[in-house]
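Here are my notes for you, written while I had the model open on screen. Read them with the picture beside you and look up each spot as you go.

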Amino acid sequence: MVKRLRMIIIMIAVLLLVTGAVFFLFSYSAGEPTEEVQNPTGEESGGSRELPGQGSDPATLSADGFELTMLDVGQGLCILVRSGDQYLLYDGGGRTSSSYVVSYLKQHGVKAVEYLFASHFDEDHIAGLIGVLKTTPVKTAVIPSYEADTAIYHSFMEAVTQSDTVKKAHEGDAYDLNGLKVEVLYACTGAEENENDRSTVIRLSKGGYSAILTGDAEKATETYLVEKYLTENTSEEKHDLSSTLYVVGHHGSDTSSTEDFVKAVHPKAAFISVGRDNEYGHPTENVLQILESNGASVYRTDLQGEVCFLCSANDYEVITEIDEAKTDDFTYILNTSSHKIHKPDCEAVGKMAEHNKEYTTKNKEELIREGYAPCGLCNP
């Protein structure tokens, strides 16, 4: 009986020691903070593409520099600019890119947008801004001074009231984004013959580097800018249109990027936001030739994904999400959301959101082992 009692006491003591050790280990690990990454929208974001600088500690960005990222929104336009800890958003892409743009901002630490610019009211430029306006605080929204009779326009105008301030764009307006000068070079007057020429044109400059953004502005606007700022006979000081970076107008269409305008801007780098194998044939060979003959290095979302222009007072660099050389010989296009394998000419590819596309050189067997399944339409 005594032996049995001793055995029970010993077992209880061992149990208490084990329990105490487990509690200690749990308490210690609980005291160590863990980083939990979530998709804030609850939807497929198409992946978080971490580019140097975007969303990082503002101290890592030179105080005399700025950063401009062209998001991969396919056949649309979305430009995010950062200066210090402040952000400017110029356009937001189309409907299919809305959740991607919202996710991108949240995943990269953009808690508020200082200035939101809508270049004009085409769906592929403002639809994505609606999601931003509903999820991200916007201090000042700058919009064109015209109206459009479309459902997307009315949805945008309803959403834009959620920003702190709504202003109509006017030529000559200037804004400050933590030392980055933001100038409105052209704004809608009401006399334009087509909607693309109602695009708000802005120029950014800081630390010896600059960028010009023209939306979908066409030849008429470009001719006006060249004549006003370069050739007009006036005693007033003329504006210098030259810019380090040119965000190419109208996705590289022949209606924009005239020889005279590109020569006046004389960019070192040209960013083109365009959908892969788009039905419009953008960018055209003529525009590409004009850009290259004027010394611009061309970067395109259809070939290189997100593209980032990062500069300081001493230098600048362009960082691309995708190495262009890797996209020339791809075998399949993957849908990273549905995990389907498609042939490049598959009908489903044209309906796929650009941010869900991934180009691969892997063979089908490798992809199946990674969890992908062949598309039932094209049977790769």
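The points below go through a few helices, strands and loops one at a time.

1. Some ground rules. This is a predicted model, so local features need pLDDT of at least 70, side-chain atom pairs count only at pLDDT 80 or more, and totals for chains, interfaces and linings use all residues. Residues are numbered from 1 along each chain as its sequence is written, and side-chain values use heavy atoms, with hydrogens and water left out. Helices (H or I, at least four residues) and strands (E, at least two) are DSSP runs, numbered from the N terminus.

2. Helix 2 and helix 3. Start with helix 2, residues 98–107: its axis comes within 8 Å of the axis of helix 3, and the two cross at roughly 45°. (Axes are lines fitted to C-alpha atoms, for helices over the stretch in contact, and angles run from 0 to 180 degrees between N-to-C directions.) The pair is therefore called oblique; under 35 degrees would count as roughly parallel, over 145 as roughly antiparallel, 65 to 115 as roughly perpendicular, and the rest is oblique. The crossing of these two helices is right-handed, meaning that the near helix is turned clockwise from the far one by less than a right angle. On the helix 2 side, S98, V101, V102, L105 and K106 meet A127, G128, G131, V132 and T135 of helix 3. Contact here means heavy atoms within 4.5 Å.

3. Helix 4, a helix with two sides. Which residues of helix 4 are buried? In this helix, residues 151–160, they are I152, Y153, F156, A159 and V160. They cover an arc of only 130° around the axis, so they sit on the same side of helix 4; the arc is that of the directions from the helix axis to the C-beta atoms. Buried means under 20% relative accessible area, exposed over 50%, and partly exposed in between (1.4 Å probe, protein chains only). A151 and E158 are exposed on the other side of helix 4. What do the buried residues of helix 4 pack against? Their partners are helix 3 (123–135), strand 5 (138–143) and strand 6 (165–168).

4. L177. Look for this residue in strand 7, residues 174–177. L177 counts as buried because its relative accessibility is 0%. Setting aside neighbours within four places in sequence, L177 is in contact with V81, S83, Q86, Y87, L88, E114, Y115 and V182. Now find L204, 27 residues apart from L177 along the chain: their C-alpha atoms are separated by 9.5 Å.

5. Strand 10. Strand 10 (residues 209–213) has 5 of its 5 residues buried, so it is largely enclosed by the rest of the structure. Y209, A211 and L213 point one way, while S210 and I212 point the other way. Two strands pair if DSSP finds at least two bridges between them. Strand 9 (residues 201–206) pairs with strand 10 in the antiparallel sense over 5 bridges, whereas strand 10 and strand 11 run parallel and are joined by 3 bridges. In the hairpin of strand 9 and strand 10, G207 in the turn has a positive phi of about 60°.

6. Most residues other than glycine have a negative phi, and most peptide bonds are trans. H251 is not a glycine, yet has a positive phi of about 60°. H266, in the loop between helix 6 and strand 12, has a positive phi near 45°. Finally, a cis peptide bond joins H282 and P283, with omega about -10°.
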